[in-house]
Amino acid sequence: MTSILLTGGAGYIGSHTYISLLEAGYTPVILDNFANSHPAVLERLQAITGRPAVCERGDVLDTPWVEEVLRRHRIGGVVHFAGDKAVGESVAKPLKYYRNNLGGAVSLMQAMENAGCGTLVFSSSATVYGDPQSVPIAEDAARSHTNPYGHTKLVIEDMLAAQRVAQPDWKVAVLRYFNPVGAHPSGLIGEDPSGIPNNLMPFITQVALGQRPHLQVFGSDYPTPDGTGVRDYIHVCDLAEGHVAALKVLLESGRSLSVNLGTGQGHSVLEVVRAFEAASSRPVPFQLVPRRPGDVANVYADPRLAQELLGWRATRTLAQMCADAWRWQSRNPTGYRTA
Ligand code: WQD
């Protein structure tokens, strides 16, 4: 079956996609420099799948090496996860983001062109919609950026469009993630942020574990039902299955596409807190504090185009997202780092 290269495949979304690809009969190959991930995930993947995870350790910026990997493994398609993704850090260190994210994408695309591989799934983000004019957000909504991280996603989407003009035989799927949360039901792999978590769910799980005293709820004066921010949380396993569905369309129909990967349902911060307390039977103390700069009130997807083009939709509930996130965190208090 077709070999698929996962750049950044040892990361949160990549490792879950690795499992879904195997389950669908593909042969996934991980390419990772472990800058934002941990080698221990490879053993966890073997424990889940029953087979050694094939991993090439190196940097996607090393174009000749990436080309050699593509040729040696006879790669038929690539899923590009590798890159930096912390919004706040991107504001403080824009050059790191432009170099790693834009430079990495150019390097990968050049290696693919040299090796004669023209099938690419790109890990994009709802952040390309900036502060949306209206919700739910459809794929034809205006794109903008409010930070260098989001800017790199937007520019890479445009680079892919230009490459498709230059190389009409390229097949590209741009997947715009909303808010990935949760973990594989085994509890063996999950989200493992380094330092203080930026994102809501890992912060909640660390509060529930007693590692942090309380959650700060950023803003309770938004124009939303309970005043707190609303987002479209999607289970990481649903997201992984969406990647497999997109790859299948590229390989079998040859058409390119850009779709949202979201549930189409928004949940507020306080709704997530309550759902997590119910799922974990753990209290999540919180304080209402002022808004976080750069946050918007209400972001959730119109999921119809993905369902139409990919025959895919998210099925897992917020309760399942919380239960699976808690199982991972409670069984791995220090993530992949051994205590
Ligand atoms: C969700 C909600 C916060 C933390 C970001 C990136 C996006 C994507 C997903 C990469 C908001 C609130 C959060 C906390 C809080 N990342 N919150 N207390 O900002 O929607 O999206 O992560 O692709 O590109 O922009 O996600 O989890 O940070 O915040 O109240 O300690 O939770 O205000 O309403 P966000 P988030």
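The residue of interest is aspartate 84, in the loop between β4 and α4. Is aspartate 84 buried or exposed, and which residues does it touch?

Analyst: The model is predicted, so local features need pLDDT of at least 70 and side-chain atom pairs count only at pLDDT 80 or more, whereas totals for chains, interfaces and linings use all residues. Residues are numbered from 1 along each chain as its sequence is written, and side-chain values use heavy atoms, with hydrogens and water left out.

Aspartate 84 sits in the loop that joins β4 (75-80) to α4 (87-92); helices (H or I, at least four residues) and strands (E, at least two) are DSSP runs, numbered from the N terminus. Its relative accessibility is 7%, and aspartate 84 therefore counts as buried (under 20% relative accessible area, with exposed over 50% and partly exposed in between, for a 1.4 Å probe and protein chains only). Leaving aside residues up to four places away in sequence, aspartate 84 touches Asn36, Lys96, Tyr97, Asn100, Asn101 and Tyr149, where contact means heavy atoms within 4.5 Å. With asparagine 36 there is a polar contact between the two side chains, at 3.0 Å. Such a contact is a pair of N or O atoms within 3.5 Å; within protein, one must be able to donate a hydrogen and the other to accept it, and residues adjacent in sequence count only if both atoms are side-chain atoms. Threonine 119 is 35 residues from aspartate 84 in sequence and 22 Å from it in space, C-alpha to C-alpha.

Asparagine 332, in the segment after α11 (318-331), is also buried, at 6% relative accessibility. The side chain of asparagine 332 makes a polar contact with that of arginine 44 at 3.0 Å, and a polar atom of the asparagine 332 side chain lies 2.9 Å from the backbone oxygen of tryptophan 328. Beyond four places in sequence, asparagine 332 touches Arg44 and Gly187.

Serine 268 belongs to strand β12 (residues 267-268) and is buried, with a relative accessible area of 2%.

Finally, helix α8 (residues 236-253) has 13 of its 18 residues buried, so it is largely enclosed by the rest of the structure. Glycine 254, with a positive phi near 75 degrees, follows α8.
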